[in-house]
Amino acid sequence: MSGRRLALLVGVSDYGAGYEPLPGTLADLAQMQAVLQDPHRGSFEVEVLQNPNPQQLREAIEHFFGGRRRDDVLLFYFSGHGALDNSTGSQLYLSTCQTRKDGQRLVESSAVEAAWLHRHLMSSRSDQKVVILDCCFSGAVANLLQKGDDSINLQQLKSKGTVLLASCNAYEVSYQAKEKSSTKQAQSLYTRYLIEGIQTGAARLGKTEWIYAQDLHDYARQRFQTELASAPEPQIIVVEKEGYRIPIARARLKDVAGDYRQLVAQVLKENDGEIDDLDRHYLEVERANLNVPSELAARILKEQQEPYRLRKRERARYYATALKIALKQGYLLTDRARTKLKRIQAALSLRDDEVTIIEQQVMTELSMQVLKPARKAVAHASSAERPSGPVGAPTDLMDLKDLHPGDYVVHQGHGIGRFLRSEYLTEQGRRQECAVLEFADGLLRVTVADLNALQRLTLDGQQNLPLSQIQVLAPPSGLTLDPLQSKKGVDYRPLRDLLQAGNWQAADDETYRVMLKCVGRKEGDWMRVEQLRGFPCTDLRTIDQLWTTYSQGHFGFSVQQSLYLDCGAKLDGDYPGDQIWEKFGDRVGWRVKNRWIYYQDVVFDLAAVRGHLPAKACVLVGVVDWWCWVLFSRMDACHISANSSKS
């Protein structure tokens, strides 16, 4: 006749002075009871003991292990605080509802010594005894509750026919997660993983019917290592190796979801939580073989990836903290600091591309701490290169009062003209002062608000030349527009030549290089937010018009800015929100199938969607983040837009 399967589950949530309550313990008990007494899983006859006093716990242990047969399977589970004796500091005590401290010392009579449990383990006739201890040691870990005070020696519980599963070793901490919701009881992480391994079948090894003690231990240990950056080390202790094979619970042989979950867990473990196209193809084949519904497969993958995502975020936080320490003396890292950061990177198992993203985000964060400058009208350089012959150097025009009848001006879209007079223009009920300009092909009125499109021009004494004899720069629809003006002495001829040749990728690289030069940074450096907010309007206009000219209006910052506004954004220099930013990313092709692309995925061809280029500054350097929306706001301050190039 086969023996009985019996389980005693003890949970202590309430304590005396000196111990923090563990409200999640009762949830541990309820869920452990459900899975163990399930006839399709544990098939145990379960007795539950909540918040016993010392006498009740001693009697329950003595009764549970006494009078059993050899073929009985006994399982003792304890969830609560672990405590140590006051003399040696190494003898374990199991807490009760009366367990308390007198100052820093345990009141030993208020708890039950582990020696009592060991004595009855030794005297029991059963050949298969399982002890699960979810208690133990102290430690301060963010968002976790302590479940004990010090280290203990678990070897004292060894006995013949017994396998001991413990949530951690003598140097670790047993954890209970804190829940944000006050109405939801927190569950011990160790108990959570044990139940998860049984319920899902993920702890089953191969195609066996049973989940054995060794299988359950291995699963819980792997889950700890996956979810926590500094994981405790669950322990398994046996006297004879047969103890590893004590059956804990059945796993359904046709548990296809459990089989698929195991496959997913293995793939994620091999790739540290990453899934590439080949992995997805393999899992899709296995999903079809097992006939797992697609929605269930997607949910399993998401659940299995979540711990890796959380751990990666924690690693990133550690590295970001280290980087901020290294940067506290300035924005440029010394070689010595970089070497130390490399060591930290290796310790956290971070890839170079992950570190690049973290560093960019930290630099952005540090830069964004600078106060935003007040917005004001700015003088703007012409988009026209100084013509040869009689034309002198153009100068910024700050106010309509700076112009006198007969003065020559350069208009960014119409070339060289002459100021005739100022007058008032009423449009849509609004009265505005404007400049009346004469060009070779007619008159043009420019409002005060649009004076940024003009520059005053000195003609070196040739004031009486007719406009038809002055070299005029016209927009793309007429003569070739070739703006090369720079306030910072930047040579834009290489960029012009690359764009003219249609070498879009090299032009993209050159664009970011010259932009760094404009703000006094070297190639490979970072551009700070305050530098971008103060980027010279002359150069920004030159760069944008080179792109829009040679792409026939298909590419350019002003094109991107127009699309950005179409998505509902505002040019206030603030982040527009995920929904608008993602919509903009979709419009310019920087997001494909709801995922932001990498720089290697940028399309350097006119076949790309409108506004796809320039891309390096935003996609690579800015990680599709602050760079572009600050840039677009700077363009607004400089009165640069897609419409301004069509005047």
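This is a guided tour of the structure, stop by stop.

The model is predicted: local features need pLDDT of at least 70, side-chain atom pairs count only at pLDDT 80 or more, and totals for chains, interfaces and linings use all residues. Residues are numbered from 1 along each chain as its sequence is written, and side-chain values use heavy atoms, with hydrogens and water left out.

**Stop 1: aromatic pairs**

Start with the rings. Rings of Phe, Tyr and Trp (its six-membered ring) pair if their centres lie within 6.5 Å; planes under 30 degrees apart are stacked, over 60 edge-to-face, and the rest tilted. By this rule there are 13 aromatic pairs. Select Tyr-15 and Tyr-19, a tilted pair with centres 6.0 Å apart and 35° between the planes. Tyr-15 and Tyr-19 are buried. Here buried means under 20% relative accessible area, exposed over 50%, and partly exposed in between (1.4 Å probe, protein chains only).

Next, select Phe-65 and Phe-76. This aromatic pair is tilted too, at 6.3 Å centre to centre and 50° between the planes. Phe-65 lies in helix α2 (residues 54-65) and Phe-76 in strand β3 (residues 73-79), so the pair ties together parts that are 11 residues apart in sequence. Helices (H or I, at least four residues) and strands (E, at least two) are DSSP runs, numbered from the N terminus. Phe-65 and Phe-76 are both buried.

**Stop 2: charges over rings**

The charged end of Lys-101 sits over the Tyr-19 ring, 5.0 Å from its centre. The rule: NZ of Lys or CZ of Arg is within 6 Å of the ring centre and within 35 degrees of the ring normal.

Now show Arg-591, which lies over the face of Trp-596, 5.5 Å from the ring centre. Trp-596 belongs to one aromatic cluster with Tyr-564, Trp-581, Phe-584, Trp-590 and Phe-632.

**Stop 3**

Select β4, β5 and β8. They form an open sheet of 3 strands in the order β4-β5-β8, with antiparallel pairing. Two strands pair if DSSP finds at least two bridges between them. β4 (82-84) and β8 (112-113) stand at the edges, each with a single partner strand, so one side of each has no neighbour in the sheet. Strand β5 (residues 92-94) and β8 run antiparallel, joined by 2 bridges. Zoom in on Leu-94: it stands opposite Val-112 in β8.

**Stop 4**

Colour helix α15 (residues 557-566). Of its 10 residues, 7 are buried, so the helix is largely enclosed by the rest of the structure. Those buried are Phe-557, Ser-558, Val-559, Gln-560, Gln-561, Leu-563 and Tyr-564. Tyr-564 is also in the aromatic cluster from Stop 2.

After α15, pick Gly-568, whose phi is positive, near 100°. Then pick Leu-571, in the loop between α15 and α16 (578-587). Leu-571 is buried, at 13% relative accessible area. Its C-alpha is 9.4 Å from that of Leu-631, 60 residues apart along the chain.

**Stop 5: the cysteines**

How many disulfides are there? The count is 1, where a disulfide is a pair of cysteine sulfur atoms within 2.5 Å. Select Cys-537 and Cys-638, joined with S to S at 2.0 Å. The link is left-handed, with -70° about the S-S bond. Cys-537 is in helix α14 (residues 537-550) and Cys-638 in the segment after α18 (626-637), 101 residues apart. Both cysteines, Cys-537 and Cys-638, are buried.

Finish on two further cysteines. Cys-518 is buried at 3% relative accessibility, and Cys-567 is buried at 6% relative accessible area.
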